[in-house]
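Please read the following report alongside the sequence and the 3D view. It goes through selected side-chain pairs, then helices and a sheet.

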Amino acid sequence: MAKAQENEHEEAVTVEEEFGSSCQTSPQDKRELVRELIGVIQTVGSYEEYRKSQREECHNLVERLKLLLPLLVDIRDFDGQIPESGIECLMKLKKAFSSAKKLLKTCYCGSKIYLALETEAVMGRFHSVYERLSQALEGMPYDELGISDEEKEQVELLRLQFRRAKKRHDTQDMELTMDLMVALSANNDRNVDSASIDRLGHKLGLHTVKELKAETISVRKVVGERKGRHAEGTQKIIDLLNKFRRFAGLEETEALMPEDHEKSTSLAIPSEFLCPITLEIMTDPVIVSTGQTYERENIQQLLDSNCRTCPKTGQSLEHLSFTSNFALKNLIQQWCEKNNFQLPKKQPPPKPESLSVESEGKFLSLIQDLSSCHLEVQRKAVTEIRMLSKENPENRTSIVNSGGIPPLVQLLSYPDSRIQEHAVTALLNLSIDETNKRLISEEKPIPAIIEILKNGNLGAKENSAAALFSLSMLDENKEAIGSFNGIPPLIDLLRNGTIRGKKDAITALFNLCFNEQNVSLATEAGIVAPLFQLLEKKNLDMVDEALSILLLLATHQDGRQEMGKLSFIETLVNLIRDGTPKNKECAVAMLHRLSIHNSNLMLAALQYGVYEHLVEIADSGTDRGQRKAKSLLQLMSKAEQIP
């Protein structure tokens, strides 16, 4: 949101410089301004397809802009002198149109990962555009411009739509949010990582080499525009892009040259010369405690934002001191001299934006209202905090720094279903930031969240499951959720919830089952049966997640016993035969693990005709699928040799 406001401020300055004040603008300039506004509508109307994350909102905005065409055409063709109040409205429209055009262009050809990861901040930019449009149309001198009553009524109705759109509370796409959280949090060796990346790639349109190369250019532009600001969010974008690239078999930093050096497109900068954080060539490389090298300024900004992990490895930094990498610095300088390459000049880092007194007072007031003795005051405050916590990291930091976590946790037990839903969702939004996870955990919210998961309304149950997943990223919370009996209601949501609820539940259960005690608890609570049902309902698109959990359960004897049924083996063989490449990979891994512990299950799979399908996967499956298929074929070969 701060970024959007910043961009809009820059646009406003440009407009004033271009057109000046109304008293300095000639009649010809005024009509030229109207023609330019009409041109903006024609331009954004020519955009063929917007990014999926904001497609509906973009189409709504474009259609509303088109409804202003008759008004603008009438003003363009008006023979009289446009009054000063009309010029003022047109100048405001110019600023609003400039913001709208830039936003729509971002949603048309900008980074798909940025738009998906920061969808709430982008929505904040839409709301800002709606507010500008509403304000610009206020006070339009229809009568003096000869505008008909019918058209005036149409524009006023449109202005009302802008106001309502600005105030609308949008439903968070929790399914996409959870997929992104899993993909960003998963280590490379976790089964769900590839499945999440594969599914996300198809959702975002990033599953071909061509699409990924185009996205790489878009991400590079985002990195260049931010110039070191919003370092945490930028790093998430880069991390996810690199996961997509690895999944597609591309090098992590291939074709990621700084935008400043586009003129040198024929010159490939060696990947080891690029800082892993910004993907720009390093001028002052330093080594951190994990042995990784970064640009000094970039890693220092991360440390200043309370990040204490190595961005590339994810390992905790043992200490925060740096060692200059003189050897690499000399190599970079030699390479630059040899290739006549000019290193970028360093700009002084921007001063961090501090919270204004007015904004700080707003957050403090809202948080005080959470403890009000008036129900409506509490409801209004917790609803607004929920919405603010969705928008951007700055709001989340302000809410936490203003003491928002303790009263939100207290409201989890408040006897009002709507307040409970808003409170648990606000905590979910706050927990997106890693530092906040521990602060929330210190207030012991897990028993109350589990209670909402059991007895809350549908939306509260789904967001409670998502909150448990987010908090379970901390190992101590995995154990706490299991000990407070949080697994059975998650399984119930997996069994009886909506599609969104099922996905929230299965994601949380997967993470919890990395704790051995929770595996036993989940097996006892009957998790195998609903997971088995998901394997048969391929249309729900949760086969890989179900298999990933079953693979964890199969490490324990109780889990294997529950799965040791012929109908289960037949379903696995069907997936190995007809599933997606990722389905096949996971199903082969599952059958391999079961066969190691029970050769009868392997023989049952052979009876269902699995052998020829394993041969096919061993030859042309995914890398992991090939390894597991070959290993399983070896097991079968040994079993045949046993007399």
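R577 and D578 join their side chains in a salt bridge, with 2.8 Å from N to O. A salt bridge here is a side-chain nitrogen of Lys or Arg within 4 Å of a carboxyl oxygen of Asp or Glu. R577 is partly exposed at 37% relative accessibility, and D578 is partly exposed at 47%. Buried means under 20% relative accessible area, exposed means over 50%, and partly exposed lies in between, with a 1.4 Å probe and protein chains only.

The model is predicted: local features need pLDDT of at least 70, side-chain atom pairs count only at pLDDT 80 or more, and totals for chains, interfaces and linings use all residues. Residues are numbered from 1 along each chain as its sequence is written, and side-chain values use heavy atoms, with hydrogens and water left out.

**Salt bridges**

The structure holds 16 salt bridges. Side chains of opposite charge can pair when their charged atoms come close. The table lists three of these bridges.

| R577 | D578 | 2.8 Å |

R159 and E156 sit three residues apart in helix α8 (residues 149-167), about one turn of the helix. Helices are DSSP runs of H or I with at least four residues, strands are runs of E with at least two, and both are numbered from the N terminus. R159 is buried at 13% relative accessible area, while E156 is partly exposed at 29%.

R500 belongs to helix α25 (residues 499-512) and E462 to helix α22 (residues 458-471), so the pair ties together parts that are 38 residues apart in sequence. R500 is partly exposed, with a relative accessible area of 23%, and E462 is buried at 5%. Elsewhere, a network of salt bridges links E376, R379 and D416.

**Aromatic pairs**

Rings of Phe, Tyr and Trp (its six-membered ring) pair if their centres lie within 6.5 Å; planes under 30 degrees apart count as stacked, over 60 as edge-to-face and the rest as tilted. By this rule there are four aromatic pairs. In one of them, the ring centres of F532 and F568 are 5.8 Å apart and the planes stand at 40 degrees, so the pair is tilted. F532 lies in helix α27 (residues 528-536) and F568 in helix α30 (residues 566-578), so this pair ties together parts that are 36 residues apart in sequence. Both F532 and F568 are buried.

What does E215 touch? E215 is in helix α11 (residues 209-226) and is buried, with a relative accessible area of 1%. Leaving out residues up to four places away in sequence, E215 touches G110, S111, K112, I113, L206 and L241. Contact means heavy atoms within 4.5 Å. The side chains of E215 and S111 are also joined by a polar contact of 2.7 Å. A polar contact is a pair of N or O atoms within 3.5 Å; within protein, one must be able to donate a hydrogen and the other to accept it, and residues adjacent in sequence count only if both atoms are side-chain atoms.

I367 lies in helix α15 (residues 357-369) and is buried at 8% relative accessible area. Among the residues that I367 touches are I385, I399 and G403. I367 and G403 are 36 residues apart in sequence, yet their C-alpha atoms are 7.3 Å apart in space.

**The sheet and the whole protein**

The protein has 34 helices and three strands. An open sheet of three strands runs in the order β2-β1-β3, with antiparallel pairing. β2 (293-295) and β3 (323-324) stand at the edges with a single partner strand each, so one side of each is left without a neighbour in the sheet. Two strands pair if DSSP finds at least two bridges between them, and strand β1 (residues 285-287) pairs with β3 over two bridges. I287 has T323 in β3 as its bridge partner.

All 11 of the 11 residues of helix α28 (residues 543-553) are buried, so α28 is largely enclosed by the rest of the structure. In the protein as a whole, buried residues make up 52% of the 643 residues. Among contacts between residues at least 6 apart in sequence, 70% join residues at least 24 apart.
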